[in-house]
Amino acid sequence: MGLIDEYTFVVHPVVGGGGPRLLEGMGEEMALELVERWGFGSGVVVQRCRRNA
């Protein structure tokens, strides 16, 4: 429905063996533009993305 304008992804450097996938079940591809990115000493990365119109 296009109701979300921005997404914030927090990525932890851990390998997981299973579980649900992020945004699984979306029927269409979505183009995202990286707006901002922060990296931390722990390896965690935060990425703020905006939908391309």
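1. Arginine 50 and glutamate 6 form a salt bridge, with their closest N and O atoms 3.7 Å apart. Arginine 50 belongs to strand 3 and glutamate 6 to strand 1, so this pair ties together parts that are 44 residues apart in sequence. Arginine 50 is partly exposed, at a relative accessible area of 34%. The structure discussed here is a predicted model.

2. A search of the whole structure finds three salt bridges. Another of them joins glutamate 6 to arginine 48, where the closest N and O atoms are 2.8 Å apart. Since glutamate 6 lies in strand 1 and arginine 48 in strand 3, the contact ties together parts that are 42 residues apart in sequence. Glutamate 6 is partly exposed, with a relative accessible area of 34%, and arginine 48 is partly exposed as well, with 22%.

3. Glutamate 36 also forms a salt bridge with arginine 48, and here the closest N and O atoms are 3.1 Å apart. Glutamate 36 lies in strand 2 and arginine 48 in strand 3, so parts that are twelve residues apart in sequence are tied together. Glutamate 36 counts as partly exposed, at 31% relative accessibility.

4. How are the strands arranged? They make an open sheet of three strands in the order 1-3-2, with antiparallel pairing. Strand 1 and strand 2 stand at the edges and have a single partner strand each, so one side of each is left without a neighbour in the sheet. From one strand to the next, the twist averages 20°. As background, strands of a sheet pair through backbone hydrogen bonds, either parallel or antiparallel.

5. Strand 1 and strand 3 run antiparallel and are joined by six bridges. Phenylalanine 9 has glutamine 47 in strand 3 as its bridge partner. Tryptophan 38 stands opposite valine 46 of strand 3.

6. Strand 2 and strand 3 form a hairpin with five residues between them, and glycine 43 in the turn has a positive phi of about 100°. Valine 44 is also found in the loop between these strands. Is valine 44 buried or exposed? Its relative accessibility is 14%, so valine 44 counts as buried. Valine 44 and valine 10 are 34 residues apart in sequence, but their C-alpha atoms are 7.0 Å apart in space.

7. The structure holds one aromatic pair. The rings of tyrosine 7 and phenylalanine 9 have centres 6.1 Å apart and planes at 5°, so the pair is stacked. Tyrosine 7 counts as buried at 14% relative accessibility, and phenylalanine 9 is buried with a relative accessible area of 17%.

8. A nonpolar patch on the surface is formed by Leu22, Leu23 and Met26, which together have about 290 Å² of accessible area. Leucine 23 lies in the loop between strand 1 (6-11) and strand 2. With 39% relative accessibility, leucine 23 counts as partly exposed.

Methods
Residues numbered from 1 in each chain as written. Predicted model: local features only at pLDDT ≥ 70, side-chain atom pairs only at ≥ 80, totals over all residues. Heavy atoms only, no water. Phe/Tyr/Trp six-rings, centres within 6.5 Å; stacked < 30°, edge-to-face > 60°. Buried < 20%, exposed > 50% of the residue type's maximum accessible area, 1.4 Å probe, protein only. Pairing = 2+ DSSP bridges. Helix = DSSP H or I, 4+ residues; strand = E, 2+ residues; numbered from the N terminus. Patch = residues over 30% accessible without salt bridge, like charges linked within 9 Å, V, L, I, M, F, W, Y side chains within 5 Å. Areas by Shrake-Rupley, 256 points an atom, 1.4 Å probe, with all protein chains shown as cover. Salt bridge = Lys/Arg side-chain N within 4 Å of Asp/Glu carboxyl O. Axes fitted to C-alpha atoms, helices over the stretch in contact; angles between N-to-C directions.
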